[in-house]
Amino acid sequence: MDDLDRRLINRLQLGLPLVRHPWRELAAELETSSTELLGRLHTLLNDGMLTRFGPMFDIERLGGAFTLAALAVPEERFEEVAEQLHGLPEVAHNYRREHAWNMWFVLACATEQDLTETLHHIETLTGLPLLNLPKEETYHVGLYFPA
Amino acid sequence: MSVCISRPEDTLVQRLIVLTQAGLPLLDDPWAWLAEQLGLNIEATLDLLKRLQAEGAIRRIAAVPNHYRLGYRHNGMTVWDVRDTDMPRLGALIGAQPFVSHCYRRPRRTDWRYNLFAMVHGRSSDEINNYREHLRYLLGDACGTDEMLVSSRILKKTGFRLKPASSTHPL
């Protein structure tokens, strides 16, 4: 990665301008050509330095039901429960965190009813009580990682 | 997963999502490609994107870095027990810190006292500890106790995906 790669990564995290020729505008801003930018973007995506480039939809605004939930999984059952959750399409992310509540996951369902059923299903499947923490207010969402 | 969509313009929005959720093609004229796919002219396509972005349905058209590859290997979910009456002001303040990527109010439970969640990312464990200290300072005596739940393993990360039109769910 050189300086232009870093500047491109940082600039593209802020968003492509919604103008008729966005790459030309960005090329002018970064003092290069649009061909060069697209080539570098292609490489950064292929190398896995960037995981995605495209519209970031606020999928929650478009419908569906979501929550953050946690389980306190006994250490000897941790892998088994992780596998059980892995197999559920409603589980979008799942992280181990160092706490008594050691498994934290996001559920994404089509409707509130599906979500309620999925929560019950997980409790039944794992035999563990679940902590259900749906968001009540959003103060900020915006990842930015300076390269 | 599939998501139920019910706003009037949504067939178009749904097609846009299915077309671009894996990414926008790296073309010199991406709007021309999108316009052709959607059966709109370029101007209408750009107007649609601008409107969705203004409404917040699209946050932005942007690159998502692999933050591990950029060196951000440490992340902590900081959780805070904040006095309810101070939440609107303090939630906004904490969310505005540049090192906080996500900030939400969530309900308290019998065995969970924390109502404010702020996610922090850093290149070292010291860095995220310092961020936590700074948040503690900003919250002051409006916050009783807090914890930071450090992530030690990703068990699943598929993100949200809308199924194409063949989905059995109504869209």
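1. In this predicted model, nine strands form an open sheet, ordered β5(A)-β2(A)-β4(A)-β3(A)-β5(B)-β2(B)-β4(B)-β3(B)-β6(A), and the pairing is antiparallel. Two strands of chain A, β5 (130-132) and β6 (137-141), are the edges, each pairing on one side only. From one strand to the next, the twist averages 25°.

2. Helix α4 of chain A (residues 78-86) packs on this sheet. The strands touched by α4(A) are β2 (65-71), β3 (91-97) and β4 (103-109) of chain A, together with β5 (143-157) of chain B. The direction of α4(A) makes about 75° with that of β5(B).

3. Within chain B, strand β2 (residues 74-82) and strand β4 (residues 116-122) run antiparallel and are joined by seven bridges. Helix α5 of chain B (residues 125-139) lies across β2, β4 and β5 of chain B. Relative to β2(B), α5(B) runs at about 20°.

4. A further strand pairing links the two chains. β1(A) pairs with strand β1 of chain B (residues 58-65) in the antiparallel sense, over six bridges. Here the bridge partner of Phe57(A) is Ile58(B) in β1(B).

5. On the contact between the chains as a whole, 61 residues of chain A are in contact with 63 residues of chain B. On the chain A side, the elements giving two or more residues are α1 (3-14), α3, β1 (50-57), α4, β3 and β6. Of these, β1(A) provides the largest share, eight residues. The residues of chain A that touch chain B divide by class into 33 nonpolar, 17 polar and 11 charged.

6. The helix pair α2 (residues 22-29) and α3 (residues 34-46) of chain A deserves a separate entry. Their axes are 8 Å apart and the packing angle is about 95°, which means that α2(A) is roughly perpendicular to α3(A). From α2(A), the residues in the contact are Trp23(A), Arg24(A), Leu26(A) and Ala27(A). These meet Ser34(A), Leu37(A) and Leu38(A) in α3(A). By class, this contact has five nonpolar residues, one polar and one charged.

7. Each chain is assigned two domains. For chain A the assignment gives domain 1 as 3-46 and domain 2 as 59-132, and the centres of these domains, taken over C-alpha atoms, are separated by 38 Å. For chain B the assignment gives domain 1 as 10-55 and domain 2 as 74-150. The C-alpha centres of the chain B domains lie 37 Å apart.

8. On confidence, the model scores ipTM 0.82 and pTM 0.81. Chain B has a mean pLDDT of 88, and 87% of its residues reach 70 or more. Residues 164-171 of chain B have pLDDT below 50. Beyond near neighbours in sequence, that stretch has nine contacts in the model. Where pLDDT is low, predicted coordinates should not be read in detail.

Notes
Residues are numbered from 1 along each chain as its sequence is written. Chains are lettered from A and ligands numbered from 1 in the order in which they are written. This is a predicted model: local features need pLDDT of at least 70, side-chain atom pairs count only at pLDDT 80 or more; totals for chains, interfaces and linings use all residues. Axes are lines fitted to C-alpha atoms, for helices over the stretch in contact, and angles run from 0 to 180 degrees between N-to-C directions. Helices (H or I, at least four residues) and strands (E, at least two) are DSSP runs, numbered from the N terminus. Angles under 35 degrees count as roughly parallel, over 145 as roughly antiparallel, 65 to 115 as roughly perpendicular and the rest as oblique. Two residues are in contact if their C-beta atoms, placed from the backbone, lie within 7 Å. Ala, Val, Leu, Ile, Met, Phe, Trp, Tyr, Cys and Pro count as nonpolar, Asp, Glu, Lys and Arg as charged, and the others, Gly among them, as polar. Two strands pair if DSSP finds at least two bridges between them. pLDDT is the predictor's confidence in each residue, from 0 to 100. Domain bounds come from an automatic or database domain assignment.
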